[in-house]
Amino acid sequence: MIKYQKIMRKLISHPSSGIIMLRNLTGRHRKCCIKCGAIGCLHLNDTDKRGIRTYQCQACKKTFAETYGTIFYRSKIPISSWLLALIFWVTATGSISAADLSRKLGVSHPTAWKMLMKIREQLSKDLGQDMLEDLVEADEAWFGKKDNQDIVMGMVQRGKRKIRLIVIPNVKEETLYPHIREHVKVGSRFFTDSRITYAITGIRYHHQTTNHSKGEFAREGEVHSNTIEQIWGDIKGVIRTIHHGISKKYRKLYLAQYIFAYQFKHSTNLFFKSLCQLFTPTYCLI
Ligand SMILES: [Zn+2]
C-alpha cells in the first residue's frame with residue numbers, strides 16, 4: 001500500500017524529500033549528474049527557501065536544483081499552491097477554468113492560466129502508448145469555427161478506457177488509415193459510422209458500421225460507436241461551459257488533459273498519477 005498521505009505531508013513540509021519519495025515510486029529517481037552524466041558524484045549543495053535541494057556534481061562542479069526539468073523549476077509559486085491547483089483540477093467536474101483557479105488560489109488570472117497550461121503540457125508528454133485492441137470505435141469531430149477549426153479523430157477501446165485523440169487535416173482515407181494502423185492492433189473489431197473512407201480498414205480489421213443518416217445507431221448489441229460519441233459530447237460540453245471556447249493554438253493541450261483524465265480517472269488514483277508525472281523531469285519522459 002502506497003502511503004499517499006505521508007508523501008503529501010512531505011511534499012508540503014520538506015518538498016525535496018517528498019519529490020524523492022515520488023520518484024522512487026516511479027523508478028525515475030535521478031542517480032546521475034544531468035550535466036555530465038557522472039554517477040554517484042552528486043553532493044547536497046544547499047536547500048532554498050522553498051525547501052528545494054540543490055546538488056553539486058563533484059565531477060563537473062555544476063549545480064542544479066532537484067526540480068530541474070519539471071514545471072516547478074524556477075517557479076516562484078510554492079509547491080503547496082501547485083498541489084492545490086492539481087487537487088482542484090482532479091476534483092472538478094470535467095475541468096477547471098483559469099478564472100476559477102485564480103479565485104480559489106488567490107493568484108492573478110494570468111498566473112492561474114499559466115499554471116494550468118504547464119500542468120497540461122507536462123501531462124501530455126506521457127499518455128500511454130499501448131495499442132488499442134479487441135473492440136475499438138473510431139469517429140471524427142469538428143471543433144471550433146472557421147479559422148479556429150480543427151478536425152479531431154478519436155479512437156477508443158471499449159471497456160478499457162484507452163483513448164487516442166488526434167488533430168487531422170482532413171478525413172480522407174490516406175489521412176485516417178495510417179493513424180488506425182499505428183494505434184489499433186490488426187485483427188481487432190473496428191466500429192465506425194458509414195463514412196466511406198473507413199472502408200479500407202476491412203482489409204486488416206473486422207470492420208462493422210452503423211448508418212447514422214438512416215437513424216441506425218446500434219445493431220446486434222455490439223455494433224455501435226456510442227462510446228466515442230459520448231466522449232465528443234463530454235469534451236464539447238467542458239469546452240463550452242467551463243472554458244467558453246478554446247483557441248486552435250492550445251487545443252491539443254486541452255485534448256491531452258482530457259485523455260489523461262479519461263484514461264486514469266477510474267483505473268488508478270488520478271491525483272497521484274498526475275503528481276508522479278509532474279515531478280518526473282522532462283528528460284525522463286521523452
Ligand atoms: Zn556533472
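Some ground rules. Residues are numbered from 1 along each chain as its sequence is written, and side-chain values use heavy atoms, with hydrogens and water left out. Because the model is predicted, local features need pLDDT of at least 70 and side-chain atom pairs count only at pLDDT 80 or more, while totals for chains, interfaces and linings use all residues.

Overall picture. The chain has ten helices and ten strands. Those are DSSP runs numbered from the N terminus: helices are H or I with at least four residues, strands are E with at least two. The C-alpha trace spans about 70 × 40 × 40 Å along its principal axes. There are 286 residues, and 49% of them count as buried. Buried here means under 20% relative accessible area; exposed means over 50%; partly exposed is in between, with a 1.4 Å probe and protein chains only. Now contacts, meaning heavy atoms within 4.5 Å. Take those with a separation of 6 or more: 57% of them join residues 24 or more positions apart.

On to the metal. Which residues hold the zinc ion as protein donors? Cys33, Cys36, Cys57 and Cys60, each through SG, lying 2.3 Å from the ion. A donor is an N, O or S atom within 2.8 Å of the metal, or 3.2 Å for Na, K and Ca; water is not among the atoms, so sites may look incomplete. The donor spacing in sequence reads C-x2-C-x20-C-x2-C.

Geometry next. The four donor atoms make angles of 106 to 114°, and the site is tetrahedral. The test for four donors is that all angles lie between 85 and 135 degrees; square planar (four) and octahedral (six) need opposite donors over 155 degrees apart and all others between 65 and 115; anything else is irregular. For reference, the ideal angle for four tetrahedral donors is 109.5 degrees.

Cys36 is partly exposed at 40%, and Cys60 is partly exposed at 26%. As for disulfides, a search of the whole structure finds zero. The cut-off there is a pair of cysteine sulfur atoms within 2.5 Å.

Lys61 has a phi near 70°, positive in a residue other than glycine. Lys61 sits in the loop between strand S2 (53-57) and strand S3 (63-65). Most residues other than glycine have a negative phi. Arg161 is another case, with a positive phi of about 55°. Arg161 lies in the loop between strand S5 (150-157) and strand S6 (162-168). With a relative accessible area of 28%, Arg161 is partly exposed.

Now the cores. A nonpolar core is a set of buried Ala, Val, Leu, Ile, Met, Phe, Trp, Tyr and Cys residues joined through side-chain atoms within 4.5 Å. The largest has 58 residues, and Leu165, Ile235 and Leu275 touch the most other members. Helix H8 (residues 251-264) gives the most to this core: ten residues. A second, separate core has 16 residues, among them Ala138, Phe190, Tyr198 and Tyr205. Back to Leu275. Leaving out residues up to four places away in sequence, Leu275 touches Met8, Leu11, Leu22, Leu83 and Leu86.

Met8 and Leu11 take us to helix H1 (residues 4-13), where the buried residues are Ile7, Met8 and Leu11. Those buried residues fall within an arc of 100° seen down the axis of H1, so they line one face. That arc is taken from the directions from the helix axis to the C-beta atoms. On the other side of H1, Gln5 and Arg9 are exposed. The cover over the buried residues of H1 includes helix H2 (15-26), helix H3 (79-91) and helix H9 (270-279).

Ser16 lies in helix H2 and is buried, at 2%. Beyond four places in sequence, Ser16 touches Gly51, Ile52, Arg53 and Glu66. Ser16 and Thr54 are 38 residues apart in sequence, yet 9.3 Å apart in space, C-alpha to C-alpha. Ser75 is in the loop between S3 and H3. At 10% relative accessibility, Ser75 counts as buried.
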